[in-house]
Amino acid sequence: MSGPAGRDGPAGVPRPRPAGPSYDAVVVGLGALGSAAAWVLARSGARVLGLEQFELGHDRGASHDHARIIRRSYHTPGYVRLAGLAYRAWAELEWEAEERLVVTTGGLDLFPPGSAIPSGPYRASLEACGVPYQWLDADEVMRRWPAFRLDDGVRGLWQADAGIVPAARGTRLMQRLATGYGATLRDRTPVTAVRDLGGSVEVATADATYRAGRLLLCADAWTGDLLAQLGADLPLVVTQEQFSYYRPADPDAFAVGRFPVWIWMDDPSFYGFPVWPDAALKAAQDVGGHQVTATTRGFDPDPAATDRLAGFLRDRLPAAAGAHAHTATCLYTLTPDRDLVLGPVGGHDRVLVALGAAHGFKFAPLVGRVLADLALHDGTDVDIGPFALDRPALTSPRPEARYLV
Ligand SMILES: Cc1cc2nc3c(=O)[nH]c(=O)nc-3n(C[C@H](O)[C@H](O)[C@H](O)COP(=O)(O)OP(=O)(O)OC[C@H]3O[C@@H](n4cnc5c(N)ncnc54)[C@H](O)[C@@H]3O)c2cc1C
């Protein structure tokens, strides 16, 4: 007697799934990174299947809501160069989509004296890469952006190219382009098993199994579950984070063009945006949440974290802390060194992993290009050495975690 297609039999014995069509690449996870990979792969002529366990655009991962910061200011020359390539990849996406996506606001990294995140590596990395910036004292910051209340000794690193990239809209756009190039994207289709068959890979869902030349794991907070099936592991920590929207009494003072994206480079670290896209501005603490898993996480904001942010805004940006509009949650998936993960899984050359380490949205279109290079040509001209899965921070038995960099 045969049961419903795809259900496992008694004692968990897996029932064979009907074989689906085969593909050049299967992408698991259609957040920003997986959607970018599906877009670039399909554009290159590859047969692509993208599988997403929830509805496209859902809010249980990391690519929802409006705004993400894009910036060149980073603590290593490698990241500054990568950010330069990311700007070009966004420009390519804008050209292809015939839509403006990057909103340039300028960016202000604020370093109080003795800040937990030192300014030296940021300035040296920008200088090494010839990226112009200005180094401002507190009075000059408050003269240019009078909303800030800074103590003497706070220094501001101003970089004019920083701005906003649209999170949900950008992700949706890459999905639309991917399907336009012929990719098949299936939502509400959890991948239940992945196997490396040597000459190909196999992916199972409740209804079918698929064979492909390459498997791209773009599963962020769920990455560990999929890697475990290949006998692989990464020391990832998932935290439940949150962001709040406020309606300032004078929204014009915080409009794009008058107010920048900003990051408070201390512990705790906070960041925020101008009023965008509507009448409210967003601010949040970076790595301020509790450790969770993708399944144990909740969706209710933590009142203590909401208060911490409100307190910071009252002290440093009092005019921004107008009426509190709402607070929502999201997941950070962190590596111990806060560096991205990008490359093949050891012993499984056909399986690639991409993980943004909670600052990866700005790199999404570039990551799509790198994944397509690796999947179709076994190599890329982008320097992804620092993001390898076998780097010491990911392989040493007790890696020291340093999330604020
Ligand atoms: C609040 C917040 C603020 C951030 N701010 C910035 C910022 O300012 N600048 C910046 O550059 N980055 C920022 N980031 C980080 C950036 O947003 C993320 O790195 C990026 O969006 C991650 O994209 P992703 O596709 O890897 O993950 P996700 O969007 O989480 O997508 C992973 C997808 O995989 C799916 N999936 C998992 N397992 C399976 C399975 N078995 N079968 C099918 N589907 C599966 C999940 O359902 C999910 O949709 C921020 C992140 C958060 C949460």
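This is a predicted model: local features need pLDDT of at least 70, side-chain atom pairs count only at pLDDT 80 or more; totals for chains, interfaces and linings use all residues.
Residues are numbered from 1 along each chain as its sequence is written, and side-chain values use heavy atoms, with hydrogens and water left out.

We begin with strand 13, which covers residues 237–247; strands here are DSSP runs of E with at least two residues, numbered from the N terminus. Ten of the eleven residues in strand 13 are buried, a word that stands for under 20% relative accessible area, with a 1.4 Å probe and protein chains only.

Strand 13 pairs with strand 18 (residues 323–334) in the antiparallel sense over eleven bridges, where pairing requires that DSSP finds at least two bridges between two strands. Within this pairing, Arg247 has Ala323 of strand 18 as its bridge partner. Strand 13 also pairs in the antiparallel sense with strand 16 (residues 281–286), over four bridges, and there Ser244 stands opposite Ala283. With strand 17 (residues 290–292), strand 13 forms three bridges, again antiparallel, and Thr239 faces Gln291.

What, finally, of the cysteines? A disulfide is a covalent bond between the sulfur atoms of two cysteines, and it is counted here when a pair of cysteine sulfur atoms lies within 2.5 Å. The structure holds zero disulfides. Cys218 is in no disulfide, and the nearest cysteine sulfur, which belongs to Cys330, is 18 Å away. Cys218 counts as buried because its relative accessibility is 9%, and Cys330 counts as buried because its relative accessibility is 9%.

Notes
Buried means under 20% relative accessible area, exposed over 50%, partly exposed in between (1.4 Å probe, protein chains only).
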